[in-house]
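Morning, everyone. Please bring up the model, and we'll walk through it together.

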Amino acid sequence: MNVEIHPALLRERFYPRSRQTVRAAREFAAETLHAWGVTCRRDDVLLCVSELATNALLHGVPPGRGYRLRMLRYDGTVRVEVHDSGDGRPRIGRRDPGAEDGRGLLLVAAVADRWGTLARVPGKAVWSEFAVGAGGTVGAGGPAHGL
């Protein structure tokens, strides 16, 4: 049997602890998707990059540290990972409907096909995955609620 193996594509960038870096992370993600020829699910991926980077800055990056945005493409999937060195594990909590914040992971869960966390030392990585099809132009299925 002939099996064609496609290695994963990987791009990553480190950002210092600054709110201005969320925009830079989103631009890096957009450039990466363009370089990979991924045209579908672009807005979903960029929304999740923004939300995960913002959450890392607000809850996971101690002073003097930063966060890493890692993007992978493999088997018709784009995976976004945001690594930080903070304690705790992100979770979707109950929020006051009138509150102006606290909806980031709800948005990630709504638009990503899957999402979750990985333990690191120190800290954690929060990831989200998007089916983009083999060519990156057609999504496979819709969002499914993750972990």
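Strand S4, residues 114–119, pairs with S5 in the antiparallel sense over 6 bridges. Pairing here requires at least two DSSP bridges between the strands. Helices (H or I, at least four residues) and strands (E, at least two) are DSSP runs, numbered from the N terminus.

A quick note on the source. This is a predicted model, where local features need pLDDT of at least 70, side-chain atom pairs count only at pLDDT 80 or more, and totals for chains, interfaces and linings use all residues. Residues are numbered from 1 along each chain as its sequence is written, and side-chain values use heavy atoms, leaving out hydrogens and water.

Back to the hairpin. Thr117 stands opposite Val126 in S5. Between the two strands lie 4 residues, and Gly123 in this hairpin takes a positive phi near 90°.

Now look at Ser128. It is found in strand S5, residues 124–131. Buried or exposed? Ser128 is buried, at a relative accessible area of 0%. Buried means under 20% relative accessible area, exposed over 50%, and partly exposed in between, with a 1.4 Å probe and protein chains only. What does Ser128 touch? Beyond residues up to four places away in sequence, its contacts include Cys48, Leu52, Val78, Val108 and Trp115. A contact means heavy atoms within 4.5 Å.

That brings us to the cysteines. Cys48 is buried at 0% relative accessibility. Cys40 is buried too, at 12%. How many disulfides does the structure hold? The count is 0, where a disulfide is a pair of cysteine sulfur atoms within 2.5 Å.

Next, the core. A nonpolar core is a set of buried Ala, Val, Leu, Ile, Met, Phe, Trp, Tyr and Cys residues joined through side-chain atoms within 4.5 Å. The largest one has 34 residues, and Val45, Tyr67, Leu69, Met71 and Val80 have the most contacts inside it. Helices H1 (21–36), H2 (42–60) and H3 (104–111) each supply at least two of its residues, as do strands S2 (66–74), S3 (77–84) and S5. H2 gives the most, with 8 residues.

Finally, the whole chain. There are 3 helices and 5 strands. Along the sequence they follow the pattern β-α-α-β-β-α-β-β. Of the 147 residues, 44% count as buried. Among contacts between residues at least 6 apart in sequence, 68% join residues at least 24 apart.
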